[in-house]
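Subject: Structure handover

Hello,

Here is the structure I said I would pass on to you. Please look through it first, then read the notes below it.

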Amino acid sequence: MMMIDYNHRYINHALFTIGYCLVSACFCFCRFVYFTMLSRIIGPFKAGSFMGLMLAIGAIARALGPFLAVATLEVSIRFCFGAAGALVVFGQILMAVFWKNCGKHIHFK
């Protein structure tokens, strides 16, 4: 939110480049950690189906995400960042609710 001047819709190029590099670098590391953790939770027997489903959902999100972002930017920049922030908070709430149910699969104990 610090990179955009809301009045003039000006993006600071230096901050944008730094943010882009950080997101690009973190995505590579976080994706492997996430899929490793997920494979330990769902177990070895249905892992292929669930991992394929997660990859497909991620591909759909990467394909449709830019179009949805542009649509929300046409409404308001604050709405776009608010919607993204709400999705992050919603994910954290879901994680807190289901945290006790997440554990190693019986096969891995």
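Predicted model: local features only at pLDDT ≥ 70, side-chain atom pairs only at ≥ 80, totals over all residues.

Of the 109 residues in the chain, 10% count as buried.

The largest pocket has a volume of about 1400 Å³. Its lining consists of 31 residues, and those closest to the centre of the pocket are Val23, Ala84, Leu87, Val88 and Gly91. Where does the lining come from? Helix 1 (13–42), helix 2 (47–75) and helix 3 (77–98) each contribute at least two residues. Helix 3 gives the largest share of this lining, with 11 residues. As for the kinds of residue, 25 in the lining are nonpolar, 6 are polar and none is charged.

The second largest pocket has a volume of about 300 Å³. Its lining is made of Ala61, Leu64, Gly65, Pro66, Leu68, Ala69, Thr72, Cys80, Ala83, Ala84 and Leu87. Helix 2 and helix 3 are the elements that give two or more residues to this lining. Here the largest share comes from helix 2, which supplies 7 residues. The lining of the second largest pocket divides into 9 nonpolar and 2 polar residues, with no charged ones.

Surface

Next is the outside of the model. Val89, Phe90, Ile93, Leu94, Val97 and Phe98 form a nonpolar patch on the surface. Together these residues have about 560 Å² of accessible area. One of them, Phe90, lies in helix 3, the helix that also gives the largest share of the lining of the largest pocket.

Finally, have a look at Leu55, which is in helix 2. Why does Leu55 count as partly exposed? The reason is its relative accessibility of 40%, because partly exposed covers the range between buried, under 20%, and exposed, over 50%. Leu55 and Phe35 are 20 residues apart along the chain, and their C-alpha atoms are separated by 9.5 Å.

Regards

Technical notes. Residues numbered from 1 in each chain as written. Heavy atoms only, no water. 1 Å grid on protein atoms, 1.4 Å probe; cavity = no way out; pocket = protein on both sides within 12 Å on 5 of 7 lines; lining within 4 Å. Points joined across faces, edges and corners; volume = space filled by probe spheres on them. Helix = DSSP H or I, 4+ residues; strand = E, 2+ residues; numbered from the N terminus. Nonpolar A, V, L, I, M, F, W, Y, C, P; charged D, E, K, R; others polar. Patch = residues over 30% accessible without salt bridge, like charges linked within 9 Å, V, L, I, M, F, W, Y side chains within 5 Å. Areas by Shrake-Rupley, 256 points an atom, 1.4 Å probe, with all protein chains shown as cover. Salt bridge = Lys/Arg side-chain N within 4 Å of Asp/Glu carboxyl O. Buried < 20%, exposed > 50% of the residue type's maximum accessible area, 1.4 Å probe, protein only.
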